[in-house]
Amino acid sequence: MTDMTPDPLRSEQERTRRPDAGVAPTIAPRPETATDTDAAALSGHPAPVVQQWLDGESTEAEARRTAPQDVALWAKVQGETERRGRMVTPAPVLERLMAAIPDTEPKGDGVMDKVKKLFGK
Amino acid sequence: MAVSTTTVPGANLDPSDADQQVITSVLAGDRDAFSVLIHRYSDPLYRHALGMTGSPDVAEDILQQSFIKAYHHLAEVRGRFDAWLFRIVANGCKDWLKNIRRTHVSYEEDDQPSSYATPDEDLDRSELRIDLDRALATLNASLREAFVMKHVEGRSYEEMSDMLGTTVGALKMRVHRAREALHAILEEKYA
């Protein structure tokens, strides 16, 4: 269960980050650079032109000419991810979310600040 | 020009202003107005939690805890409510991923039924769903988050940057790395 600490914007990971944290092996990010050029220069698969197609920077036809097998794979993956993107919250889940809201009022800290901010007073 | 009035908090307004109106109503004691925010944001948040965890039950639990947390801390919202709420859910997902890995419960051992499988769909697609879930589970949280936001939620890099407070270049890099990792796992079977 997610904890209820006073700072909701920080994850437990951010609050307790340790460099040697014992987590199962995963594919960790390599060092990131902040330019699009670096991102586009990645080698391997999918081919760069396929990455560009998936980013909307190139056409599928162009990608298919260069790397037809990569395009075949990513067309299937895209079909599945797009289907997932159309999912909505199941009605029973929505009902349970509504029912879970506490009867108590929210904490009042900052209410007056908010009112002043909204109405400029 | 006359401004129209309405009984629905936040109707006919810019989304951000509409959220602020609802928040003001809730903070003024109208608890039920919070349901407007749940209706407004549950779908994209549910998709995010499901994409990150792969489990409908876990996604629901994270959403429930996140909405409760948001309700309790509603007075602390600064800036866009939707981005604030998204960060609560995103952090809940990361915490869950961290904890499930720390306790050595693998994704495959979580025997929640797949939310994607339906009986009338063909075997290939069902297999792809399972294989994609397993491949996603190998990604670390930040790569998985970037991939889900880009490909499942259909967000632009600019929108992702606004929501995560990370540069477009860094997010693009994460998505590309995620695709590389997924490609390496899936290519033998699907390329």
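Axes here are lines fitted to C-alpha atoms, for helices over the stretch in contact, and angles run from 0 to 180 degrees between N-to-C directions. With that convention, helix 6 (residues 91-99) of chain A and helix 2 of chain B have axes that come within 10 Å and cross at roughly 145°. The model is a predicted one, in which local features need pLDDT of at least 70 and side-chain atom pairs count only at pLDDT 80 or more, while totals for chains, interfaces and linings use all residues. Residues are numbered from 1 along each chain as its sequence is written, and chains are lettered from A and ligands numbered from 1 in the order in which they are written.

We can begin with the overall make-up of the two chains. Helices (H or I, at least four residues) and strands (E, at least two) are DSSP runs, numbered from the N terminus. Chain A has seven helices and zero strands, and its pattern along the sequence reads α-α-α-α-α-α-α. Chain B has eight helices, again with zero strands, giving the pattern α-α-α-α-α-α-α-α. A residue is called buried if 20 or more other C-beta atoms lie within 10 Å of its own, exposed if 12 or fewer, and partly exposed in between, with C-beta atoms placed from the backbone. By this criterion, buried residues make up 18% of the 121 residues in chain A and 46% of the 191 residues in chain B. Two residues are in contact if their C-beta atoms, placed from the backbone, lie within 7 Å. Among contacts in chain B between residues at least 6 apart in sequence, 61% join residues at least 24 apart.

Next comes the nonpolar core, meaning a set of buried Ala, Val, Leu, Ile, Met, Phe, Trp, Tyr and Cys residues joined through C-beta atoms within 7 Å. The largest such core has 66 residues, and B:A49, B:L63 and B:V89 are those with the most contacts inside it. Leaving aside neighbours within four places in sequence, B:A49 is in contact with B:A59, B:I62, B:L63, B:V89 and B:C93.

The helix pairs can now be taken in turn. Two packed helices are described by the angle between their axes and the distance between the axes. In chain B, the axes of helix 2 (residues 34-53) and helix 3 (residues 56-72) come within 9 Å and cross at roughly 140°. These two helices of chain B are therefore oblique to each other; angles under 35 degrees count as roughly parallel, over 145 as roughly antiparallel, 65 to 115 as roughly perpendicular and the rest as oblique. Helix 2 of chain B passes helix 3 of chain B in a right-handed crossing, where a crossing is left-handed if the near helix is turned anticlockwise from the far one by less than a right angle, and right-handed if clockwise. Helix 2 of chain B contributes B:F34, B:I38, B:S42, B:L45, B:Y46, B:A49, B:L50 and B:T53 to the contact, and helix 3 of chain B contributes B:P56, B:V58, B:A59, B:I62, B:L63, B:F67 and B:Y71. By class, this contact between helix 2 and helix 3 of chain B has 13 nonpolar, two polar and no charged residues. Here Ala, Val, Leu, Ile, Met, Phe, Trp, Tyr, Cys and Pro count as nonpolar, Asp, Glu, Lys and Arg as charged, and the others, Gly among them, as polar.

Helix 2 of chain B also brings us back to chain A. Helix 6 of chain A passes helix 2 of chain B in a right-handed crossing. The residues that meet are A:L94, A:L97 and A:M98 from helix 6 of chain A and B:S35, B:I38 and B:S42 from helix 2 of chain B. Four nonpolar, two polar and no charged residues take part in this contact.

Two further residues of chain A reach chain B. A:A100 lies in the loop between helix 6 and helix 7 (111-119) of chain A, and with 15 C-beta neighbours inside 10 Å it counts as partly exposed. Apart from neighbours within four places in sequence, A:A100 is in contact with B:Q64, B:F67 and B:I68. A:K76, in helix 5 (residues 68-85) of chain A, is partly exposed with 17 C-beta neighbours inside 10 Å.
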